[in-house]
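Thank you all for coming; I would like to take a few minutes to walk through one model with you. Please have the sequence and the coordinates open while I talk.

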Amino acid sequence: MGYAVAMQPTDESPAADETWFHAWRGVLFASARVLRIADLDMLERDGFPLTWFDVLSRLADAVPAGLRMQELEELALFTRGGLTRLVDRIEAAGLVRREPVPGDRRGVLVVLTASGRQRYTAALTRHMQVIEREFGRRLAPEQHRAVAEALWPWWHEADLADVPDAGSG
């Protein structure tokens, strides 16, 4: 593989093996490339960007209750600041609505509308096809398993302190 060229230690780089850095760069470059393609595809086919899809996805996972804005902000992958304005735009499109939180006069839940669920489900099917085409085809099944296992703690929010150091033995 192309990444296997070991970097030689220098005064600026004390580590002889920086494969971890090549892995990190691979994650970043692969993500950026695939997300750019997926965002353009979603805009063209579904009429909304990945930032909307991310919000709809979080809400679909939270059915039937919905999420408070602060919960949505914590879970969002793409948008932290400006989430209120983003939800305003998604609400104006009829895909979500705000509801009061029972027993909390100031609390507001964001929930999917029927239209939002329908559009999310259609977009999810196409999105998975795009990701399979742009990411999945570049790796063999055993590489898919290795990547999935290696990155499992991040997307399952495991306590990284509980993850054994891969370098120890």
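Predicted model: local features only at pLDDT ≥ 70, side-chain atom pairs only at ≥ 80, totals over all residues.

Leaving aside residues up to four places away in sequence, Phe-48 touches Met-42, Leu-43, Phe-53, Leu-56, Leu-95, Arg-119 and Ala-123, where contact means heavy atoms within 4.5 Å. Residues are numbered from 1 along each chain as its sequence is written, and side-chain values use heavy atoms, with hydrogens and water left out.

Phe-48 is also among the residues with the most contacts inside the largest nonpolar core, together with Leu-56, Leu-59, Leu-72, Ile-90 and Val-96, and that core has 25 residues. By such a core I mean a set of buried Ala, Val, Leu, Ile, Met, Phe, Trp, Tyr and Cys residues joined through side-chain atoms within 4.5 Å, with buried meaning under 20% relative accessible area, exposed over 50%, and partly exposed in between, for a 1.4 Å probe and protein chains only. At least two residues of this core come from each of α1, α2, α3 (69–75), α4 (83–92), β3 and α5, and α2 gives the largest share, seven residues. Helices (H or I, at least four residues) and strands (E, at least two) are DSSP runs, numbered from the N terminus.

Let me turn to α5. Its buried residues are Gly-116, Tyr-120, Ala-123, His-127, Val-130 and Glu-134. Seen down the axis of α5, these fall within an arc of 90°, so they line one face of the helix, the arc being that of the directions from the helix axis to the C-beta atoms. What covers them includes α1 (19–46), α2 (50–61) and β3 (104–112), whereas the face turned away carries the exposed residues Ala-114, Gln-118, Met-128 and Glu-132.

And the sheet? It is an open one of three strands in the order β1-β3-β2, with antiparallel pairing, where two strands pair if DSSP finds at least two bridges between them. Two bridges join β1 to β3, and there Arg-68 has Leu-109 as its bridge partner in β3. β2 and β3 pair over six bridges, with Val-101 opposite Asp-104, and they form a hairpin with two residues between them, in whose turn Gly-103 has a positive phi of about 80°.
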